[in-house]
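Subject: Structure handover

Hello,

Here is the structure I said I would pass on. Please look it over before reading my notes below.

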Amino acid sequence: MLTSITNVLRACVQKNGAAVVMSARTYADFTSQATFEIKKCDLHKLEEGPATQVVMTRDEGLQYYRVMQTMRRMELKADQLYKQKIIRGFCHLYDGQEACAVGIEASINLTDHLITAYRAHGYTYTRGGTVKEIMAELTGRRGGIAKGKGGSMHMYCKHFYGGNGIVGAQVPLGAGVALACKYQGNNELCVCLYGDGAANQGQIFETYNMAALWKLPVIFICENNRYGMGTSVERAAASTDYYKRGEFIPGLRVDGMDVLCVREAARFAADHCRSGKGPILMELQTYRYHGHSMSDPGVSYRTREEIQEVRSKSDPISMLKDRLLSNNMASVEELKEIDVEVRKEIEDAAQYATTDPEPPLEELCNHIFSNNPPLEPAH
């Protein structure tokens, strides 16, 4: 079965009419797949964990690279539009954390379910939303993925239950989706994401309890980017071992900056859920380059040097690029060509997002009651 990331990429290429990347060298010149040694996960209540020797094909590597670059460029463009006052209100950017979304999506299916907090642009894209729809939503336009009514924090598409604005509130909702999967017996699961800042919310522990009792097919994922709202994890949590917080639920702590580490851990977790063993918890150790939101400059509680060090030593895109180049799986020219295509796609989407009309006033009360027509994305 094709993984969802493959489907997403294929859909993106079809939607945007992007040319298939070719290099001066033929495909025969490249290594079609390579084996990589990845960091071992820390385990809680598990006898064995994900593999540490993993295979990545050239095609997979190029897909991951394109999707991560698209997410990165989209967030940088959102930053720019926000500073120009074209995007208003709340806006939480995901740059630096791309390996989390791409690694997870490479291990589950598009028919599986996903719910997250308000740092949601990246997941809206990997779940099947287009850059155009996401950018138009950010600017509150009619062609946005939620028809311009949701903005940065509230985007939705099929099997994606949005960014949610209330800290931690998406966790019980995700368990409810997992309960529906179990009830329907469809072998689907729900990935339920929250940040380190939400990890101390009481409703999360209540949800752990119910999920464990009912053996729900849910992967709880704490995206630990080291800082909540202006506060480091050490100042906010008596224990920062978030992967052990499920207590009676098995857990994994994963290098969230390495797309292959995330992919293998998510695959392991998905197998655990589908085999009827109930919930599993993952902590992805990652990092956000921007502040908590656009109103947070992000340098009052951490140094610019720290951000720069993470960028230079563990950037998820640079790490993948180095692997592709050093194993002769791609050429510099080929990756540059992808970069050019991605930039063009983002520019076109930004142009659309600044010229598309705002929703008319008469649409204000639509989609409030269940007897309204279903929400179909505008094209």
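Helices (H or I, at least four residues) and strands (E, at least two) are DSSP runs, numbered from the N terminus. The model is predicted, so local features need pLDDT of at least 70 and side-chain atom pairs count only at pLDDT 80 or more, while totals for chains, interfaces and linings use all residues. Residues are numbered from 1 along each chain as its sequence is written, and side-chain values use heavy atoms, leaving out hydrogens and water.

Two loop residues first. H159 sits in the loop between helix 5 (131-138) and helix 6 (170-184), and its phi is near 65°, a positive value in a residue other than glycine. N187, in the loop between helix 6 and strand 5 (190-195), also is not a glycine and has a positive phi of about 60°. N187 counts as partly exposed because its relative accessible area is 49%; buried is under 20%, exposed over 50%, and partly exposed in between (1.4 Å probe, protein chains only).

Next, the interior. A nonpolar core is a set of buried Ala, Val, Leu, Ile, Met, Phe, Trp, Tyr and Cys residues joined through side-chain atoms within 4.5 Å. The largest one has 70 residues, and I104, Y123, V191, I219, V254 and M282 have the most contacts inside it. Apart from it lies another core of 22 residues, including L216 and F220.

Finally, the record. UniProt, in an unreviewed entry, places "domain: Dehydrogenase E1 component" at residues 68-361; such annotations may be inferred rather than shown by experiment, feature names are shortened, and positions follow the numbering used here. In the model, this span is 45% helix and 9% strand.

Regards
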